[in-house]
Amino acid sequence: MKAKATALAQAEARMRVSIGGLDDRIRLFGQLDANLDALEHATGAQLHVQGDEIVLTGERSAVGAASSALRRMLASASSGRELTVEDVGHALAGEQSEAASIAEPLTVTRKGRPVRPRSAGQRDFVGAVAKHTLTFGIGPAGTGKTFLAVVLALEALRAGKVQRIILSRPAVEAGENLGFLPGDLQEKVDPYLRPLFDALAEVMDPQAVQRAVERGQVEVAPLAYMRGRTLSDSFIVLDEAQNTSDEQMQMFLTRIGSGSRMVVCGDDTQIDLPNPSSSGLLHAEELFTDAPDIAVVRLTEADVVRHPLIRTIIARYARRLR
């Protein structure tokens with residue numbers, strides 16, 4: 001019994017991290033301590049603020065992981081960055097968001113949060129879009145590829161580089177045949193295109209989005225409605241491209257006109273087609289890797305920024321499917 005108690009005591013650890021030099025603790029803690037909560041949940045360590053210190057307690061391995069991540073977060077917050085729960089995931093992965101810390105913000109969200117690449121993969125993606133007419137961004141959920149594509153499209157529109165933004169995605173859940181659904185066209189497609197509107201709403205207020213749609217500066221439409229069109233002077237984004245067929249992908253890619261830029265985003269681990277191997281995104285990756293003026297950027301679990309738990313979820317599902 002005594003030996004067991006001794007072993008238990010040895011397994012427990014307590015560590016202190018000074019935050020005395022940090023002028024604004026909200027940058028580190030997050031709103032309502034969201035960042036500290038995320039760090040606790042991800043590691044299993046307990047964090048308590050005592051004066052100018054954060055006290056970490058728990059199993060030795062948990063405290064070690066949490067303290068290492070906390071020190072990385074503290075370094076970023078001390079440089080003036082306002083951290084989010086996404087940064088907690090990067091800190092736990094051993095990344096100090098080097099790419100993010102040196103990158104200029106692409107824009108600012110409606111809540112005032114600067115938007116910048118938060119991982120090496122995101123930095124590559126943003127750089128590829130800037131340099132190529134056509135960019136494929138392929139990676140798991142939560143890597144921010146669609147959001148970044150929408151942000152880049154908005155910045156291109158604001159800078160006068162394009163005259164309009166076109167956002168599209170396949171409505172594979174309805175078999176691309178929306179005619180049987182009740183309501184007008186907008187009512188039919190809204191549920192399928194809502195994620196694209198959500199991305200817009202992160203950086204534009206709803207009234208501004210509505211005005212841009214009415215002026216024709218922003219068009220959000222299902223993939224099936226792209227057929228037969230020539231899209232010139234436009235920034236075109238296709239989301240959920242893993243659910244396109246070969247024919248649909250070819251149709252979409254050949255819509256690009258003069259003065260346009262196109263970004264195709266997809267997650268090849270979430271193909272909803274009856275035959276996943278027939279995905280047009282998979283075939284396009286094979287066809288266009290190393291093609292001139294076309295970039296194929298692969299994002300991975302290391303680029304997940306939506307929430308630290310998503311990395312764990314992706315890893316567990318991938319392990320089960322092997």
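At what angle do helix α3 and α5 pack, and how far apart are their axes? Helix α3 (residues 34-43) packs against α5 at an angle of about 40 degrees, and the two axes are 9 Å apart. That makes α3 oblique to α5.

This is a predicted model: local features need pLDDT of at least 70, side-chain atom pairs count only at pLDDT 80 or more, and totals for chains, interfaces and linings use all residues. Residues are numbered from 1 along each chain as its sequence is written, and side-chain values use heavy atoms, with hydrogens and water left out.

## Helix packing

Two packed helices are described by the angle between their axes and the distance between the axes. Here axes are lines fitted to C-alpha atoms, for helices over the stretch in contact, and angles run from 0 to 180 degrees between N-to-C directions. Angles under 35 degrees count as roughly parallel, over 145 as roughly antiparallel, 65 to 115 as roughly perpendicular, and the rest as oblique. Helices (H or I, at least four residues) and strands (E, at least two) are DSSP runs, numbered from the N terminus.

Helix α3 also packs with helix α4 (residues 60-78): their axes come within 9 Å and cross at roughly 150 degrees. That makes α3 roughly antiparallel to α4. The crossing of α3 and α4 is right-handed. The crossing of α3 and α5 is right-handed too. A crossing is right-handed if the near helix is turned clockwise from the far one by less than a right angle, and left-handed if anticlockwise.

How many residues of α5 are buried? In helix α5 (residues 85-92), 7 of the 8 residues are buried. They are Val 85, Glu 86, Asp 87, Val 88, Gly 89, His 90 and Ala 91. Buried means under 20% relative accessible area, exposed over 50%, and partly exposed in between (1.4 Å probe, protein chains only).

## Salt bridges

Side chains of opposite charge can pair when their charged atoms come close. A salt bridge is a side-chain nitrogen of Lys or Arg within 4 Å of a carboxyl oxygen of Asp or Glu. The whole structure holds 9 salt bridges. Among them are these:

| Pair | N to O distance |
|---|---|
| Glu 155 and Arg 158 | 2.7 Å |
| Arg 169 and Asp 239 | 3.6 Å |
| Glu 240 and Arg 169 | 3.8 Å |

Glu 155 and Arg 158 sit 3 residues apart in helix α8 (residues 145-158), so about one helical turn separates them. Glu 155 is partly exposed, with a relative accessible area of 25%. Arg 158 is partly exposed as well, at 48%.

The closest N and O atoms of Glu 240 and Arg 169 are 3.8 Å apart. This pair also links distant parts of the chain, with Glu 240 and Arg 169 71 residues apart. Arg 169 has a relative accessible area of 9%. Glu 240 is partly exposed, at 23%.

## Backbone and surface

Glu 240 has a further feature. Its phi is near 55 degrees, a positive value in a residue other than glycine. Asp 293 also has a positive phi, near 65 degrees. Asp 293 lies in the loop between α12 (280-288) and β11 (294-298). At 39% relative accessibility, Asp 293 counts as partly exposed.

Gly 20 is in the loop between β1 (12-18) and α2 (26-29). Its relative accessibility is 43%, so Gly 20 counts as partly exposed. Gly 20 and Ile 54 are 34 residues apart in sequence and 9.9 Å apart in space, C-alpha to C-alpha.

Which residues make the nonpolar surface patch of about 310 Å²? Leu 309, Ile 313 and Tyr 317 make it. Patches are made of residues with over 30% relative accessible area and no salt bridge; like charges are joined within 9 Å, and nonpolar side chains (Val, Leu, Ile, Met, Phe, Trp, Tyr) within 5 Å. Accessible areas come from the Shrake-Rupley method with a 1.4 Å probe, and for residues only the protein chains shown count as cover. Ile 313 lies in helix α13 (residues 308-321). At 43% relative accessibility, Ile 313 counts as partly exposed.
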